[in-house]
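This report describes one part of a predicted model. The sequence and structure are shown first, and the text follows.

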Amino acid sequence: FVVKITSPSRRGMPDVYGVRRRRHVWIEVKRRGESARAQQLRVKRLLEEHGAEVFVVDRIEDAREILK
């Protein structure tokens, strides 16, 4: 199960949320060569503190591999 996320109430939320075999996975998708912004990194750490797996990728192939 994978969905594209938009969160008008919380800046920095990752773009994609997926649940695979009891794994809660968030993925921030960037343009080639771009990095996550400071707010996105803060949200990443917060989600990880709660047991989520969070990734920042700049290639769709990487996102697909994570969600296998």
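Over 5 bridges, strand β3 (residues 23-29) pairs with strand β4 (residues 53-57) in the parallel sense. Within this pairing, W26 has V54 of β4 as its bridge partner. Together with helix α1 (residues 38-49), β3 and β4 form a right-handed β-α-β unit.

**The helix.** α1 is made of 12 residues, and the distance from its first C-alpha to its last is 17 Å, close to the 16 Å expected at 1.5 Å a residue. The buried residues of α1 are Q40, V43 and L47. Viewed down the axis of α1, the buried residues lie within an arc of 65°, so they line one face of the helix. An α-helix has 3.6 residues a turn, so residues three or four places apart point the same way. The partners against which the buried residues of α1 pack are β3 and β4. After α1 comes G51, which has a positive phi, near 95°.

**The strand residue V54.** V54 is located in strand β4. Its relative accessibility is 8%, so V54 counts as buried, the cut-off being under 20%. Leaving aside residues up to four places away in sequence, V54 touches P14, W26, K44, L47 and E48. One of these contacts, W26, is also the bridge partner of V54, and another, L47, is among the buried residues of α1.

**The aromatic pair.** The structure contains 1 aromatic pair. Y17 and W26 form this pair, which is tilted, with 4.6 Å centre to centre and 50° between the planes. Y17 is buried, with a relative accessible area of 16%, and W26 is buried as well, with 13%.

| Residue | Relative accessible area | Class |
|---|---|---|
| Y17 | 16% | buried |
| W26 | 13% | buried |
| V54 | 8% | buried |

**Separations along the chain.** Two C-alpha distances concern residues already described. L41 and V19 are 22 residues apart along the chain, and their C-alpha atoms are separated by 21 Å. V54 and R32 are also 22 residues apart along the chain, with 18 Å between their C-alpha atoms.

Terms used. Residues are numbered from 1 along each chain as its sequence is written. This is a predicted model: local features need pLDDT of at least 70, side-chain atom pairs count only at pLDDT 80 or more; totals for chains, interfaces and linings use all residues. Side-chain values use heavy atoms; hydrogens and water are left out. Two strands pair if DSSP finds at least two bridges between them. Helices (H or I, at least four residues) and strands (E, at least two) are DSSP runs, numbered from the N terminus. A crossover is right-handed if, with the strands pointing away from the viewer, the path from the first strand over the helix to the second runs clockwise. The expected span of a helix is 1.5 Å times one less than its number of residues. Buried means under 20% relative accessible area, exposed over 50%, partly exposed in between (1.4 Å probe, protein chains only). The arc is that of the directions from the helix axis to the C-beta atoms. Contact means heavy atoms within 4.5 Å. Rings of Phe, Tyr and Trp (its six-membered ring) pair if their centres lie within 6.5 Å; planes under 30 degrees apart count as stacked, over 60 as edge-to-face and the rest as tilted.
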